[in-house]
Amino acid sequence: MPFFPPEASSFAGNVDALYGFLIALTAFFSLLIGTLVVVFAIKYRRRTADEVSEHVKETRALEIIWTVIPLGIVMVIFVWGAGLYFRITRPPADAIDVYVTGKQWMWKIQHADGHREMNELHVPVGQAVRLTMASEDVIHSFYVPAFRVKRDVVPGRFSTMWFEATRPGKYHLFCAEYCGTRHSNMIGWIYALTPSDYQAWLAGGTPGETLASAGAKLFVQQACNTCHGEQKGARGPSLTGIFGRQVHLQNGQTIIADESYIRESITNPQAKLVAGYPPIMPTFQGLISEEGLLQLIAYVKSLSPNASEGGAPAPAAGPSVAAPGAAGPGGTIPGTPVPRNAQPRKASDTGKESQP
Ligand code: CUA
């Protein structure tokens, strides 16, 4: 039984280095203090019944030393830890998107090209992967020890996290937040594949429809298109090209239209009204599942090809092999705004046409 799980992500080594430093520091001071307690207890023990200890006067030099040295040590820990924290919480721009839904007691994974997995996640080695995670019920926590990443998945909001696997292999995925009777069964595997194995995996299986085209269907089912269409004088703002852009709100503020903003606009439309539109949109809270929300967001993203993070694969991964059927027009519905880019992997191909 190894003492530590394998180091299989780009920052696993850095996390272990910081952790090792904390353990070494703790061990050093525990030993030093423990030893001094024993040595002093012997050296300064009471030798006769009437012995009175000397009066000890404070020394300024000593006070300064034992203030400055610990301050220096904790500042080292702070700067080191904060730097690592920023690295771990900021996904790089070329990360590919994967969507995760936690529910009692399973992990449901959706890839942008339509591949779905249950308690399993296949990722390519050497490519940053960004997870957008939601919970359908209670708090779960997505934990991959070999990657040194863990993030709570909280109902009613999105959590994001990212990692880049560095070694091909099969790694444990755990739920690390007690979530009910079968919490301990809410486990799975991450498969880190070489780029060629990953392309082979993508090409196999049945990808189904892409997230964006599933979202396009939902967009019509829920009649979103009646207000958010391209027609002149539409009752709601057009969604083409908004993802990743600044939106001007009724209250004078501006906000970036990211996943969380779109989610809030669906579940609580009055919270941040777009300037120039009346507060007429009903809430869809409870009417659309977490997976449906992720599909709608993928659809809105597909209307802004240039803004979709992770749209294009890293150059190192070679030409993208689109999964069979994934690029087909399966998801477009007559009479609705056609997603300019139902296949996010090809964002760069169609990038120019939809920027107004
Ligand atoms: Cu989900 Cu514990």
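Strand S4 and strand S10 (residues 188–193) run parallel and are joined by five bridges; strands count as paired if DSSP finds at least two bridges between them. Strands here (E, at least two residues) and helices (H or I, at least four) are DSSP runs, numbered from the N terminus. We're working with a predicted model, where local features need pLDDT of at least 70, side-chain atom pairs count only at pLDDT 80 or more, and totals for chains, interfaces and linings use all residues. Residues are numbered from 1 along each chain as its sequence is written, and side-chain values use heavy atoms, leaving out hydrogens and water.

**Exercise 1.** Work out which residue of S10 is the bridge partner of valine 123, and how many residues of S4 are buried.

*Solution.* Start with the pairing: valine 123 has alanine 192 as its bridge partner in S10. Next, look at cover: S4 spans residues 120–124, and four of its five residues are buried (under 20% relative accessible area; exposed is over 50%, partly exposed in between; 1.4 Å probe, protein chains only).

**Exercise 2.** Is arginine 148 buried or exposed, and why?

*Solution.* Then check the backbone: its phi is near 60°, positive in a residue other than glycine. Finally, arginine 148 is buried because its relative accessible area is 14%.

**Exercise 3.** Find which residues the cis peptide bond joins.

*Solution.* Go to the loop between strand S1 (96–103) and strand S2 (106–111), where tryptophan 105 lies. Now read omega: about 0° for the bond joining glutamine 104 and tryptophan 105.
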